[in-house]
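Keep the picture open while you read.

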Amino acid sequence: MAELVYPPVIAAAHTLFRALDIRIDMKGTENIPREGGAVLVSNHIGYLDFIFTGLTARPSKRLVRFMAKESVFRHKVSGPLMRAMKHIPVDREQGEAAYQQALTALRNGEIIGVFPEATISQSFTLKSFKSGAARMAQEAGVPLIPMALWGTQRLWTKGRPKDLKRSHIPVTMRVGEPIEAPTDQYAGAITRRLRERVQELLDAAQKAYPVRPKGPQDSWWLPAHLGGTAPTPAQVREAGAS
């Protein structure tokens, strides 16, 4: 079936990125398979992550179907677009239907995009990973493709105002080699290995990032362990519990 919506949306995103002069640096895109199913796994630091993550599949001429929270599909603007692009709504109270839909798509040769941290990391460090991505890869018999992105939090992230008028903001992405998910291995062990690889890719993306904060007031987007003023994971947990 012809893709009538997804390609125009990608083109519109590219037009926006050019208008904002967003400098996109992608490496490792050759690791996205040109055919067959795969689970593309990324860290999650901003609301636009799915757009940038999906761009890594363009050199392989692939489209990524993302698993996203169900509320996005109920929005009057994003809902029709998400459904037309064949993304998968996830009801966290009844996630089995989304899981089965993703499995079917993987077995039909689709790439499924997953953010295994489940929510945006406000510390901009990796949170713990849910095991769903590994379990899907095992059941569908497809590889996991790890990747990391950096810089998207400067455009729009949780707890900060959206600012798409800023220009010259770099976004750096690194895609790693496929990780197999054999059925005779514990999903938790595969998930730990996957998270370790995403962390390595995140470290590489941060190291390659061409911009540093201009001063303390501009350092909100940099994690505390790198000298920034973003809250630590402990501070985020404490704020959530209060």
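Is Asp-25 buried, partly exposed or exposed? With a relative accessibility of 22%, Asp-25 counts as partly exposed, because buried would mean under 20% and exposed over 50%. Keep in mind that what you're looking at is a predicted model.

So who does Asp-25 pair up with? The partner is Arg-174, and their salt bridge has its closest N and O atoms 2.9 Å apart. This pair links distant parts of the chain: Asp-25 sits in strand 1 (residues 23–27) and Arg-174 in strand 7 (residues 170–175), 149 residues apart. Arg-174 itself counts as buried, at 10% relative accessibility.

Let's step back to the whole chain. Its secondary structure comes to eight helices and seven strands. The radius of gyration is 17 Å, close to the 18 Å that the globule rule gives for 242 residues, so the chain is as compact as a globular protein of that length. Along its principal axes, the C-alpha trace spans about 50 × 40 × 35 Å. Of the 242 residues, 47% are buried.

Now for the charges. The whole structure holds seven salt bridges, and here are some of them:

| Salt bridge | N to O distance |
|---|---|
| Arg-65 and Glu-3 | 2.5 Å |
| Arg-74 and Glu-70 | 2.7 Å |
| Arg-174 and Asp-25 | 2.9 Å |

Take Arg-65 and Glu-3, whose side chains meet in a salt bridge. They also tie together distant parts of the chain: Arg-65 is in strand 3 (residues 64–69), while Glu-3 is in the segment before helix 1 (6–20), 62 residues apart. Arg-65 is buried, with a relative accessible area of 4%, whereas Glu-3 is partly exposed at 22%. This pair belongs to a network of salt bridges that links Glu-3, Arg-65, Lys-86 and Glu-110.

Arg-74 and Glu-70 are another story. Both lie in helix 3 (residues 70–74), four residues apart, which is about one turn of the helix. Arg-74 is exposed, with a relative accessible area of 59%, and Glu-70 is partly exposed at 29%.

Which residues form a positive surface patch? They are Lys-69, Arg-92, Lys-127, Lys-130 and Lys-158. Look for Arg-92 in the loop between strand 4 (88–90) and helix 5 (96–107). Arg-92 counts as exposed because its relative accessibility is 56%, and exposed means over 50%.

Terms used: Residues numbered from 1 in each chain as written. Predicted model: local features only at pLDDT ≥ 70, side-chain atom pairs only at ≥ 80, totals over all residues. Heavy atoms only, no water. Patch = residues over 30% accessible without salt bridge, like charges linked within 9 Å, V, L, I, M, F, W, Y side chains within 5 Å. Areas by Shrake-Rupley, 256 points an atom, 1.4 Å probe, with all protein chains shown as cover. Salt bridge = Lys/Arg side-chain N within 4 Å of Asp/Glu carboxyl O. Lys, Arg positive; Asp, Glu negative; His and termini not counted. Charge placed at Lys NZ, Arg CZ, Asp CG, Glu CD. Helix = DSSP H or I, 4+ residues; strand = E, 2+ residues; numbered from the N terminus. Buried < 20%, exposed > 50% of the residue type's maximum accessible area, 1.4 Å probe, protein only. Rg over C-alpha atoms; globule rule 2.2 N^0.38 Å.
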